[in-house]
Structures are given as structure tokens and as C-alpha cells.
Amino acid sequence: MPRATQPVLNAKVPAGRLQDKWDAYKDVVGLVSPANKRKHTILVVGTGLAGGSAAATLGGLGYKVKSFCIQDSARRAHSIAAQGGINAAKNYPNDGDTIWRLFYDTIKGGDYRAREANVYRLAQVSGNIIDQAVAQGVPFAREYGGLLANRSFGGAQVARTFYARGQTGQQLLLGTYQALSHQIATGNVTMLPRREMLDLVVADGHARGIITRDLVTGQLERHVGDAVLLCTGGYGNAYYLSTNAKNSNVTAAWRCYKRGAYFANPCFTQIHPTCIPVSGSYQSKLTLMSESLRNDGRVWVPKDTGDPRPPSQIPEADRDYYLERRYPAFGNLVPRDVASRAAKKECDAGRGVGTTRLAVYLDFAQAIRRLGEQAIRERYGNLFEMYARITGENPYAVPMRIYPAVHYTMGGLWVDYELQTTVPGLFVLGEANFSDHGANRLGASALMQGLADGYFVIPYTLGAYLSGTALNGRLTTSHDAFAQAEHASNKRLRTLLSTQGDKTATEFHRELGQLLWNHVGMARTREGLESAAKAIAALRHQFWERIRVPGENGTYNKYLEFAGRIADFMELGELMARDALAREESCGGHFREEHQTADGEALRNDEDFAHASAWAYTGNDQAPVEHREPLTFENVQLSSRSYK
Amino acid sequence: MAKSMTIYLRVWRQAGPEAPGRLVDYTVADANEHMSFLELLDVLNEQLIHRGEDPVEFDNDCREGICGSCGVMVGGIAHGPQQRTAVCQLHMRAFKDGDRIVVEPFRAKAFPIVKDLVVDRSAFDRIIAAGGYVSTTTGGAPDANALPVSKEAADEAMDYAACIGCGACVAACPNASASLFTAAKIAHLALLPQGSIEAPQRAVAMVDQMTAEGFGDCSNHAECEAVCPKGISVHGITRMRREYIKAVLR
Amino acid sequence: MSGRNNSIWQALVSPVGRKVLTGLTGLGLVLFVIVHMLGNLTYLQGGDAYNLYAHKLASYGVLLYMLEIGLAAFFAVHAYIGINIYLRKRRARGGRYNTYKTAGKPSRQSWASRTMILSGVVLLVFLVLHLMHFKFGPGVAEGYVVAVDGAEIRDLRRLMTEKFQSPLYAFGYPAVIVLLGFHLRHGFWSALQSLSFTSPRWNAVLYALGAAIGLIVGTGFIIVPLWIYFSQFN
């Protein structure tokens, strides 16, 4: 596998003590004067927590912002679906939390595959996020005395999670959306909904624009700016079935990769253990059930493979509470990656339950006996309702059936400390970048990262770029780079529509998803990854010969959008397999069966793999080149995670 | 085992905003009770694409009832017959084998049809932009606990803030009024000290914008509350009127 | 945000203002029909009670004129805005639904709530006829006169008795009154809601009160004509 020899990745981490780096950076960072800010146009793609907060903040500072989203409204980005909460090192409960502890929990939870300085900064600004959200009118849960309530979450020993019922993501997103709306009203932000970014325009070595498709008219549009902020979320939908929204996709990020931005750690995907299992081939997405259910529910499978009895008729003696058996210290509360792998192991061994046999029980019978049904209803009522609505079963009477599902992707475009990619002027925020969660993300920290990047990091680092870079102020959309990018997008759309083969985009997507799930999912092997890479390449070639896209370009055409996105997912899928192959260790969500301890736990290799793998595109059908950013841990001791 | 069902759909087809529309009959023979209603449309669309026909366009995204993208009239009711459920979480077990279901877009002059079941709800964004926010910029916010908020106020604010902006309230309202949507935001922010400072201007600005968008008046049918996937109470409309009256009498 | 302090006029023609005016005038009219109904019921007392009641009213002179002008204004505003809201609603819907159903409780949509415009317009037409027949109908000059305690006053009782002995009046009038009952059934509740006098705690009670008022007023108005009509066959 080709690998770059000389280090080309400069993370630009400021010197000094970890605790002082961000302040030191801010002390000397270049500024853009108010009069000059309005001369700069910033293109912000995506309106989730990262994009919405960035666009609102930059608009508030006086930049001219153009904000794009694929949905019909900026309020619908998939950040909205986050349930549990948002972490912040406020230490309101006085239970010993500090910025350092939040930093430490996050870096350890990520299995030591994240950059120290970025994670520390995240913990530092976490408190400001809560202040900002409250000032916007986000209705966080409160105690009777009127102060903010906190709850505990996986991977932490303190209660630092702020929440708004089970709709924290929604409330935070509506906060940013309203702030964005305010800036739209002032005229600083121009909102362009129902636009899909199809390409990045790099002119004279700088990211200077994007090509978008108006999803209603099919019109391709050119937008020029002084910097591009990519805030387009993760790529979990590559697996077809995931907890992501149907429109979540990698296309914008993938176009940037093909224009020179490196893609880091694509194999780091998070598989969430408590989702409602698949019920049939028509299934279009999976629904997450909050992790909090494992506080009172017990996970089990029948001891005998293929036990045909309904759960109520399986006596205690014939049940295997495998998490409690294997991890006596943490029991049902082991981290997400561990719980997911354990469920897969039981189902692979034939002990799965339900008609598909791809599920395990999450049983509340004992908790109901102990606490009463009312107590359980108060704690989890809305989740139980949702389960009943989707499955048609009453979880108060029969155990829930759950199975892991793809939920979040830690990998993403490589960025330095300033959130800038290897393409100058292209910044990546939120889930779309790779920077803060290493190989596994802790609960309640995705919202934190998206908002940290948008509210508190990018306003400084973008200023640094703009003040320190001499950009051609006369560059317009008539520049050749625009024409070339638009032409490429156009050609692709025409090919998709004119092929008129015999397989739909959904059928290709399902096949791709199956390949990724089986081989680049919860447990990976060399053979599996190699076979998957080959199979995906073959599927990709088949795609361009047999794809059938209905309708035309000049109207609203969802299946044309899908087809383009799935073509990109297939290329990404190959890279995911390649990255997983190159990483000869097990860490966080990446579990290589070759690298495990005698009792089946993940075996990390800090000697050879304490780095981020950043892949550079070299051409279609050509192997990408791997660059490595070594991760140096000056402040934390690398230790192995044990939950026994 | 999942029961197999045959469902007879009558779906509104309209090529574009100005094109004439009509109801077209389709049969989905291999539906089953565990499918969501949108998955039923997915299955229909796959069949249509293979037959060389145009698939039925409908907005959808998260498919877990929170993004507010989806929303169609199912059998004459916004989001279908199951209350407090967005159509993406409506499952076919709510129907019987052999049912005939009319599927139409949300209809309002302020929600022009884009294509088939897809409508343009940007009027909602303009109502929010008229004043549905607290005028802050990033930074300079006081400590989050500096201003206590009673639990009752926070809880009631959350009840209104839960609005997903799907437009079902408008679609179901006999008058095509956007009062519940507008009121939910006015009430949410007015209940909190952070939002109460601008409450009078907000109420006037948002009501004015709602009027300018061409929505109808509220005649207190409360149909909106019945179809709202989040069950937002029409008491919000009372709160909106109070804020508005206060603003005028100020 | 641009939300300026609206002028009173702008506020009154806003969706909130329109409903406040409709509610206020509506509640005023509810009060009027209740008083009117109670007045009608004096007919059942027999003798001169009804005529005395009518005479007493007429004796208020200028005060009565002022009340009547106020009442007319209430009717005019209520009807004008009601028709205006109906026309706006038609414009706001755009295309028609092929199929439309209510989702059931907590919706308060009912036959009554959907037909406010129908019952309202019928009541408006009825009001004109009603005034022609009774208020501006035959009086002392036309011989409808009766002596009570030495004074000659208008014999409204006779006029009423004659009118309601005809089946057209005896059954047409109650039919309109049934519509009035339905109008009040939604209208009373709606007025309170428009005026922001409602709260989740009291809503069920207030809504039921609306139904009770509709029923009581309807019944009160219907008794007299039916009693007159069927009495003639005794």
C-alpha cells in the first residue's frame, strides 16, 4: 500500500502547556477589522449544529455569509435527532468535574486516537456552549429551585450532561436555527435551502467556491467566496441501514477529498448497541433507543441456540445474561462498542431472538418488579411508547428486542488545529471532520463538538486565515475552475440519467450496505476486508453500467439525488475497507479479529498505530496515498480500557 | 410472522407548481404491518421506477418523527389516523388488508406544491426570521445559571418548543391558519426570562408576517392540536393573543 | 426584529384583533339573546306580562335608541368580520382536499364549528325579516293596541300569537333558532378563546358551558312559538 514517506501533515498545534494553548492562540491570532469583514463572503455548507452555529456567528460578526442546506429548511438537519444530551464541564452538581476530567474522559473514551490539543479546547469551551444556548432560550431541564439539571451518561463518573427531555439535539438545533434566522433577517446571511453541494472549486490553490444543484429546478449554480466551511455531517448512511436521516450523505465531503482534502480514519464508525432491530427487506432506516435504557434493562439471550420458546416461557436457568457474565464490574453498562460486539457474538453463535434471529432481549421485568411499572414509565415512558409504535409490542409486558446499528462516524476530513483541511481555505466542522473523538465517541459529546466548532473555534481560526492570506479579490464565477467543476457535475448527472439500466439506486445502496455491514462493521478480518474492497469495486463498476434513474434533471428528483450520493458512498466504502485493512490493531469502534486478547477484548497497538491515517486522493481507480499524523500524548498515560 | 397486506392507494400527482394535478390509483400488493407508511411509498416507488414510471415525490429525512420534513394527508388526516405520530412513524398495522387510502399533499396557498406530495413551507422560515429568536450574538452570554427559571415555566416552554415545523397544523386547519406554529414559538420564548424581553415586538412581528404569508385566521377549531405530532396545545394560541394584546396596549 | 408597536387600527385588523372583536361582539350578542329569550318567556306567563315587558323596554326612549344603535353596531362588526374571515379562509386553502376528516379529540371541530358562516348568514337574513315583522311590524296605528292600567300600549302579544299560528312561522322560526344554538355552541367557547380567557384547567368546563348556553337559549326561544302554534288546536 502506498504511503507517503515525508511528513506533510502539519497539525499546527500551538506550543505551550496544554491548558494554555487555546488562550495563547487567541492572544496572537490575526484579526479581520469590522470594515473588512463585510467584504468577505463565506460559504457555509450544512445547517446542523456546526454549520448553523458557524453561519449565525459569522453573520453576527459582520461577514457576508451564504448558507446552504439540502433540506427544505435550515431547521431540519440531522443534529435534530440527537436524544440524550450535551456534555459540559460546568461542575454545577459539585461532583468533582473539571475541564481536565472532561478532556480525559473524551480522549480515553476515544481509545487514544484523537489529538490532545483539540480535545482539550473542546472541553475548555464546553461551558460557553451551555451559556450561549440558555441565552438563546433553549429550554434545558431544570431543578425545582430554577437551576439547570444534570444527568450522568456513559463513560463518565460525574453528572455533566445537560438535556431537554429526550430532544436535546432538537432544542440546540432550533437555538442555532433561530440565531441563524436572526442573521438572515439582518441581511448578513443569505439562506439557500434545497441546495446540494456537488463540487468544491479550488482556484489558484485556494478553496474559492462551490457548485450547487438547486434541488427543485435542477439548475447548477456557482458560488464564489473567500473560504468554504464544510459542515455536512457524517457518512454512516454508507451502510444503508443506520440511525442517520435518509438524506445524510458524504457527497460534499467526498468532492472535497477528490479536490485535495485528505480523508482521515474513515474506518472509525460507531455502532450503537440499543436500536430497534430490522424487521424486513423494505426497512429504510433504524431507530435508536437511548443508551439510558441500559441503566434498568438487563440484556440476555437464551442459552440454547435457536430456542423457539417465547421469552416469558424461558426460565432463568436457561437465560444467559452475557454482559453481566462477561463484564461483572460494568455489567449492562459497558461502553457502546463493547456492548455492540457482544450482541453480535451471541447472534453469530445462533442465540439471537425474534424472527430474524438478529436481536437480543433488553428485559425490564426485574426492574418493573423492583420499582413498579409507574417508576419505569416515568423514566422511560417516551422511549417505551416509541418502541411500541414501531414494533407493535408492549415492552412493559414482553422484553424489548434490540440490535446494534450504525450511528456516528468518528472519521472524516482531516483538519489541523484551526479546522482547516489540506486545501487552504477549506474548513471542516462537526461530524464531517475527524478531529475530536478518536476511535469511539462518548455519549452527549457530538452536540458539544458541533457547537464548539461553530460558535467558538471557527470565528478565530477563520479570521487567522483571512487576515494572513492574500486572496485574489477580483476572482469571480467566470474563472475557469468554476466552469470546469460545473462541467464535471453536469456530465455526471447526464450519465446517471442516460444509463437507464435495470437496477435502482436503492438496490445498489442495499448491496453496498450489506457488504460494509458484514465486513467493515462490528468485527473485521483481513480476508473479509480484502473481499469487501474487491466486491465494492465490482459493484461500483456495475453501478455505472446498470443504474436506472427515473425522471429528468430539470425538476425535483429525489432518486437522481440518491443515485449521485450512492456513487460516492461506494467510493468511500472502498476507502473504509482500505483504512481498516491498514490499521492492524483493534481500537474503539474498529475491531480487527486478528488483534484481540485471549478473552476476546480489543487489543490496541500504540507502538505502531498511535496516529491518524489521512488518505490522499490520487485519481479514479488509483490507490490513494496514506499520510500519517502521529498522535503524541504528552499529558495522558495510554492505558488499556477494561470493563471486567 | 408479519401479515401480508394489499393496499390500494390514490395518490395526488402533480408535475410542478403550475401543472394540473390529479389523483392516480396504485396497488401495493406486498405491504405488511411492520412497514412504516413512508416505506410503503418506497416500495411503490421501486416498482414504479422498474416499470419506467415517475416515482411519487415526498419530503422525508430523519424518519423518526423529529425533523419535520415529512407530512402528507393520509385518508384526509394530516399525518394519518394515529395521533401524536408523524407519518414516518405511522405503521401499516394502523390499516387493514384491502384498505383504500387517499394520499394528498398538505394544502395551503402559503404552501405551494413543488411536486406531487412535496410542498414549499418556506413561509414558516420567514415567520421565524421575523422575530422567532432572542436577539443575541455569540459570546458575552452570562453564566447559564445566572438567571433561574422556574421548573414549571421551563417545562411549559419545552412543551411549545417541541414543535417540529412540519405544517400539519396548517394542513388540517379548516382555515389554513398557521396560528399554532407561530404561537408555539411566541409562547416558548415568552415563557422564559431570556425571551420575555422582546416578547411584545416578537408577537407583533411574527403575527404580521404570518398574515403577510397569506395564512387564514384561527377560528378556534383546535384541529391543529389533534394532528400535531407533538400534541402542542392550542393554549399556545391563547398565549400568543395575550402577548399580542399586551404589545398593543403597552 | 421589526415588531413595532402597532397602531390600534392595525392591531384591530390583525388576525388577533379581528378575533378579539368577533369575540367581544359575540359575547355582547350572547348577552342580548339571553335577555331577549327571557323576555320572550314572559309570554308564557299569560295576561299582560309580555306586553308590559315590551312597553317597559320602549319607555326607555333615548336610552333604548342608544342600546339599539350599539346592538346594531355589534351585529354589523360581528357579521362583517365573520364574512371577512370566511373569505380569507377560502383564499388561504388554495386547492381543495379530495378527502378531509377530523382527527377527533382534542379537536373541537364539529358540525357547529364548520358551519359558523352558514348559521351566521342565515341569522343575518333572519334578523332583517324578524325586525320587519316585529320591531317595525304593525303597532298602535294599525290597531295592535291594548289598554293596560288605563294606558294604551302596543299589543305585541297579539302580533306574536297571530304570526306563530301560521306553520311557516311556527316551524321556520325554530329551524333558525336551532342554527343559533349551534352558532353559540362553538361561538361561546371560541369567543373566550379569542379573548384569551381560557386556560387548560378550565377549558373542558368552558367548552361544556358553550354547549349548555346553546341548548338553553335554543330551547328558550323555541318553546314560545311551538306553544302558540299547538295551543290553537286546543
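Begin the tour of this predicted model with chain B, and colour its two domains separately: domain 1 covers residues 4–104 and domain 2 covers residues 121–249. The centres of these two domains of chain B, taken over C-alpha atoms, are 30 Å apart. Next, display the contact between them, to which domain 1 of chain B contributes 13 residues and domain 2 of chain B contributes 11 residues. On the side of domain 1 of chain B that touches domain 2 of chain B, one finds six nonpolar residues, six polar residues and one charged residue.

Select Val45(A), Leu229(A), Leu230(A), Leu413(A) and Val170(B), the residues with the most contacts inside the largest nonpolar core, which has 301 residues. Then highlight helix α16 of chain A, residues 558–582; with 14 residues, this helix supplies the largest share of that core.

Centre the view on Leu413(A). Leaving aside residues up to four places away in sequence, its contacts include Leu230(A), Ala253(A), Cys256(A), Tyr257(A), Phe263(A), Val428(A) and Phe434(A). Thr421(A) and Asn433(A) are also among the residues that Leu413(A) touches.

A separate core of 17 residues may be located by selecting Tyr173(C), Ile177(C), Trp189(C) and Ala191(C), which are among its members.

Finally, show chain C as a cartoon. Nine helices and two strands are present in chain C, and from the N terminus their order is α-α-α-α-α-α-β-β-α-α-α. Along the principal axes, the C-alpha atoms of chain C occupy a box of roughly 70 × 40 × 35 Å. Chain C has 234 residues, of which 32% count as buried. Of the contacts in chain C between residues at least 6 apart in sequence, 78% link residues at least 24 apart.

Technical notes:
Residues are numbered from 1 along each chain as its sequence is written. Chains are lettered from A and ligands numbered from 1 in the order in which they are written. This is a predicted model: local features need pLDDT of at least 70, side-chain atom pairs count only at pLDDT 80 or more; totals for chains, interfaces and linings use all residues. Helices (H or I, at least four residues) and strands (E, at least two) are DSSP runs, numbered from the N terminus. A residue is buried if 20 or more other C-beta atoms lie within 10 Å of its own, exposed if 12 or fewer, and partly exposed in between; C-beta atoms are placed from the backbone. Two residues are in contact if their C-beta atoms, placed from the backbone, lie within 7 Å. Domain bounds come from an automatic or database domain assignment. Ala, Val, Leu, Ile, Met, Phe, Trp, Tyr, Cys and Pro count as nonpolar, Asp, Glu, Lys and Arg as charged, and the others, Gly among them, as polar. A nonpolar core is a set of buried Ala, Val, Leu, Ile, Met, Phe, Trp, Tyr and Cys residues joined through C-beta atoms within 7 Å.
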